Amino acid sequence: MGNKYKSVFDIIGPVMIGPSSSHTAGAARIGKVGFQLFNGQITKLKVRYFESFAKTHRGHGTDFATVAGVLGFEPDDVRCPQAIQIAEKMGIDIQFIEDSHPSPINHPNSAELTLENETKKISLMGCSIGGGTIEIRAFTIKNQQFFPKGGLPILVLEANPINQDKIQNQIKKTTSIISQNESELTPNEFIYEYDLTKNLAETELKQLRLLTHNLIYLK
Amino acid sequence: MYKSIAELVSTANKENKLISELMIDQEMTQSGETRAVIIEKMSTNLEVMKQAIERGSNGEGVTSSTGLTGGDAVLLRKYREKGQSLSGDANLEAMQYAIATNEVNASMGLICATPTAGSSGTLPGVIFMIQKRLNLSHEKMIQALFTSSAFGMIVANNAMIAGATGGCQAEVGSASAMAAAAAVEITGGTPEQCAEAFAMGLSNLLGLVCDPVAGLVEIPCIKRNVIGAVNALTAADMALAGLSNKVPADEVIMAMKDIGERMPSALRETGVGGLASTPTGQAIKMKIFGETI
């Protein structure tokens, strides 16, 4: 079940603003993961591109697409091409860096995003593997580093370890866990990260939210 | 999930189902959604394709933000009206639709990736032309999209569909092969013929590099969708006539992967080699971005 592409709509889709599924739609989706992981108003965004992303980001609209995602826009949002101006009006300081090193996550279409404000900071490394499908191969949240297998969906949640069995059973009602990682914040508070084989239904997510105060579902 | 085209074809035969039906079943299992929801979502995607074709073809068409491309679908439409084309109006119509879609894509308009944005004109070019000629129903068009996604998903999972990892053969090559398979199913071909059309379609575009001028999805990407569409039609016709690729579809996918992996980075969507490195390609890059490679 290690398939990178799971849905017919990964192949016939996404519906998106052009010009590139990898460099525009995929970049927007990587940005959207940043939006979800940060979950708040940012003041600073740093985007570091590697390999093909570094060489062609300007021509492919990768800059506006990444920013659009960070603002929470979907790849088919007509505001995407104006995302940089919108973000600047919101007072967000944006920096793009073309890194000449090979991608640390070993994919030609890779980007590292750092989002911050006065009180918190997150970062992630994503790659756009083709046709708008993305993988998240590393992220840091609350100073804890995670290295997921890559493919979405990924579930990140904070919970008391005594609830872990309940959480896993709830997840396994509709999907399977490919791998999982955990990190201790306090003895009563862990961050769990799960790589899943298929989507969690909305009803399952609702049940899971009863067991945790912080749940981020990346799909 | 289906691991190979051979498995897809044998399941279709065993269960006496169309490949498109197998794909709808798989999507229901995978997403947990109802059939109606899945079909409705696909209808939305089909409508986006139709609107892109119209936007690119009607009136003065569209122009990209760089001004490098646009208006070619309109030129083709006007040329068709004269009725003196060399390659026949079916080809011309598919070409017009393919270009129209990719011009809308280059102008940052709304398109549906099939399987990618750079190759988004190939499949619509083929199926909307067939729809007009054979008066296909909306249901048949939806069917075509599911058939093509069945083949596309196997390519995507077993090889690649990104120009940055496998060159244009992975994008327009895959799109063309997917379209060929879909064309065969909606015109009454067998699952084996779908696989043969796919195999011939992809075989004939193996080795195609991704060398976009100035890194833009414009030159040569837009017109590469013309070869994708026309190649799909010829592959579908060959399969319907009973021709075989001899090398099975799954092995062609492996060959595509092998070629993609051997392809130098300069020819994989870096805007460095091929047409991008020509004097004209570099001059265009200089004009737009103010720098050389």
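Lys32(A) and Glu74(A) pair up through their side chains in a salt bridge, with N and O at 2.4 Å; by salt bridge I mean a side-chain nitrogen of Lys or Arg within 4 Å of a carboxyl oxygen of Asp or Glu. Lys32(A) sits in helix H2 of chain A and Glu74(A) in the loop between helix H4 (62-70) and helix H5 (83-89) of chain A, so the contact ties together parts 42 residues apart in sequence. Helices (H or I, at least four residues) and strands (E, at least two) are DSSP runs, numbered from the N terminus. Lys32(A) counts as buried at 18% relative accessibility, while Glu74(A) is partly exposed at 39%. Here buried means under 20% relative accessible area, exposed over 50% and partly exposed in between (1.4 Å probe, protein chains only).

Keep in mind that this is a predicted model, where local features need pLDDT of at least 70 and side-chain atom pairs count only at pLDDT 80 or more, whereas totals for chains, interfaces and linings use all residues. Residues are numbered from 1 along each chain as its sequence is written, chains are lettered from A and ligands numbered from 1 in the order in which they are written, and side-chain values use heavy atoms, with hydrogens and water left out.

Over all chains, the structure holds 18 salt bridges. Three of them look like this:

| Pair | N to O distance |
|---|---|
| Lys32(A) and Glu74(A) | 2.4 Å |
| Lys142(A) and Glu158(A) | 2.9 Å |
| Asp89(B) and Arg133(B) | 2.8 Å |

In the chain B pair, Asp89(B) belongs to helix H5 (residues 89-106) and Arg133(B) to helix H6 (residues 122-134), so parts 44 residues apart in sequence get tied together. Salt bridges with shared partners also join Arg80(B), Asp89(B), Glu93(B) and Arg133(B) into one network.

Now for the interface. How many salt bridges cross between chain A and chain B? The rule finds zero. It does find 16 residue pairs in polar contact across the interface, both residues at pLDDT 80 or more. A polar contact is a pair of N or O atoms within 3.5 Å; within protein, one must be able to donate a hydrogen and the other to accept it, and residues adjacent in sequence count only if both atoms are side-chain atoms. The two chains bury about 3500 Å² between them, 63% of it on carbon and sulfur atoms. Phe9(A), Ile11(A) and Ile12(A) supply 20% of the area that chain A buries against chain B, more than any other three residues. Buried area is the accessible area (1.4 Å probe) that two parts lose on being put together, summed over both. Chain A puts 40 residues into the contact and chain B 51, contact meaning heavy atoms within 4.5 Å.

Over in chain B, helix H12 (residues 249-262) buries Ala249(B), Val252(B), Ile253(B), Met256(B) and Gly260(B). They cover an arc of only 105 degrees around the axis, which puts them on the same side of H12(B); the arc is that of the directions from the helix axis to the C-beta atoms. Glu261(B) and Arg262(B) are exposed on the other side of H12(B). Among the elements that the buried residues of H12(B) pack against is helix H9 (168-186) of chain B, and 19 of the 19 residues of H9(B) are buried. Just after H9(B), Gly188(B) takes a positive phi of about 95 degrees.
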